[in-house]
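The sequence and structure are shown first.

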Amino acid sequence: MGMRNTTTEWGSLSKALHWIIAIGIFALIYLGLQQDDMESGDARSRVRFIHASIATVVLFLMTVRIVWRFMNDAPGHPDGMAPVQKLVATLVHWGLYITVFAQLFAGAMIMGTAGRGLPLFGFLTIPLPIGESDDAHEFWEEVHEIVWIPLAVLVVVHILGAVYNHFVLKNDVLRRMTHGVK
Ligand code: HEM
Ligand code: HEM
């Protein structure tokens with residue numbers, strides 16, 4: 001397995017990015033909801049700081065991922081897959097890219113409109129060229145409280161799709177994103 005994708009399989013870089021980002025997004029949804037249940041104070045600030053630091057890493061990795069996606073082949077849908085399933089799979093994949101980037105963007109705007117940068121676990125803070133504004137801050141908070149829901153729905157459909165391909169259709173779709181085609 002090489003680093004680049006082929007027309008039949010994802011390369012090692014795409015696989016690594018897919019799974020690291022997936023773990024990151026599960027953690028972000030969990031921590032985001034966790035801090036929502038907490039009272040304001042040091043403990044909540046800490047959870048928010050970790051949430052935003054993980055998000056900064058995911059933003060970086062998603063940027064590498066989308067550039068790499070367009071620099072490469074991508075495996076096509078398996079032969080014989082129903083056209084409607086191909087369409088749904090393609091829509092879910094691009095829907096995931098769009099909702100993930102929208103959620104990242106809204107999160108970054110929450111920080112920027114509060115006059116803050118993107119944190120990275122205390123090692124550094126990446127400044128954002130955005131003016132402070134209470135109204136804009138509240139707007140992006142509302143966007144951020146909504147967009148994760150369609151994102152989470154798409155993730156559930158996506159996982160059901162992977163399970164369906166693997167166990168019902170018994171094709172290589174899950175294998176080509178994990179340890180490789182047979
Ligand atoms: C894919 C990326 C992300 C996901 C899935 C995600 C998820 C979430 C969720 C589920 C919440 C709770 C929303 C609620 O209270 O109903 C939240 C809150 C929050 N997130 Fe994110 N987030 C992401 C990216 C970011 C980024 C990039 C930042 C900033 C660097 C960020 C900063 C925040 C902040 C400050 C809050 C609390 C704001 C509020 O209470 O409205 N998030 N996030
Ligand atoms: C937050 C979690 C996840 C996100 C955001 C996500 C996102 C994506 C995206 C955008 C693609 C399309 C790649 C492209 O065409 O460039 C993809 C492919 C894939 N994902 Fe996920 N994924 C997540 C979790 C999972 C999980 C948990 C599984 C397995 C149960 C999974 C299985 C797959 C498989 C098998 C493919 C390859 C599909 C193909 O080759 O046609 N993903 N994922």
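In what order do the elements of the protein chain run from the N terminus on? They run α-α-α-β-β-α. This is a predicted model, in which local features need pLDDT of at least 70, side-chain atom pairs count only at pLDDT 80 or more, and totals for chains, interfaces and linings use all residues. Residues are numbered from 1 along each chain as its sequence is written, while chains are lettered from A and ligands numbered from 1 in the order in which they are written.

## Overall fold

The secondary structure of the protein chain comprises four helices and two strands; helices (H or I, at least four residues) and strands (E, at least two) are DSSP runs, numbered from the N terminus. Along its principal axes, the C-alpha trace spans about 55 × 30 × 25 Å. Of the 182 residues in the chain, 16% count as buried. A residue is buried if 20 or more other C-beta atoms lie within 10 Å of its own, exposed if 12 or fewer, and partly exposed in between, with C-beta atoms placed from the backbone. Among contacts between residues at least 6 apart in sequence, 62% join residues at least 24 apart; two residues are in contact if their C-beta atoms, placed from the backbone, lie within 7 Å.

The table sets out two helices with their lengths and spans. The expected span is 1.5 Å times one less than the number of residues in the helix.

| Helix | Length | First to last C-alpha | Expected span |
|---|---|---|---|
| Helix 1 | 25 residues | 36 Å | 36 Å |
| Helix 2 | 29 residues | 42 Å | 42 Å |

In helix 1, the buried residues are Ser14, Ile25 and Leu28, and they pack against helix 2 and helix 3. In helix 2, Arg48, His51, Ala52, Ala55, Thr56 and Val58 are buried. The buried residues of helix 2 pack against helix 1, helix 3, strand 1 (118-119) and strand 2 (125-126). An α-helix has 3.6 residues a turn, so residues three or four places apart point the same way.

## The nonpolar core

A nonpolar core is a set of buried Ala, Val, Leu, Ile, Met, Phe, Trp, Tyr and Cys residues joined through C-beta atoms within 7 Å. The largest such core has 13 residues, and Ala55, Val58, Leu104, Ala108 and Met111 have the most contacts inside it. Helix 1, helix 2 (42-70) and helix 3 each give two or more residues to this core. The greatest contribution comes from helix 3, with six residues. Leaving aside neighbours within four places in sequence, alanine 55 is in contact with Leu28, Leu104 and Gly107.

Methionine 62 lies in helix 2. Why is methionine 62 partly exposed? It has 19 other C-beta atoms within 10 Å. Beyond neighbours within four places in sequence, methionine 62 is in contact with Ile21, Val100, Phe101 and Leu104. Methionine 62 and glutamine 35 are 27 residues apart in sequence, and their C-alpha atoms are 24 Å apart in space.

Glycine 32 belongs to helix 1. Glycine 32 is partly exposed because 19 other C-beta atoms lie within 10 Å. Apart from neighbours within four places in sequence, its contacts are His51 and Trp148. Between the C-alpha atoms of glycine 32 and threonine 8, 24 residues apart along the chain, the separation is 36 Å.

Alanine 152 is located in helix 4. With 14 other C-beta atoms within 10 Å, alanine 152 is therefore partly exposed. Its C-alpha atom is separated by 21 Å from that of methionine 109, 43 residues apart along the chain.

## Ligand surroundings

For the ligand shells, a residue is near a molecule if its C-beta atom, placed from the backbone, lies within 6 Å of it. Ligand 1 is surrounded by 26 residues, of which Gly32, Asp36, Ala52, Ala55 and Gly107 are the closest. Helix 1, helix 2, helix 3 and helix 4 each give two or more residues to this shell. By class, the shell around ligand 1 divides into 16 nonpolar, six polar and four charged residues. Here Ala, Val, Leu, Ile, Met, Phe, Trp, Tyr, Cys and Pro count as nonpolar, Asp, Glu, Lys and Arg as charged, and the others, Gly among them, as polar.

Around ligand 2 there are 18 residues, and Ala22, Ile25, His93, Ala162 and Met177 come nearest. Helix 1 (12-36), helix 3 (83-112) and helix 4 (134-169) each supply at least two residues of this shell. The shell around ligand 2 holds 13 nonpolar, three polar and two charged residues.
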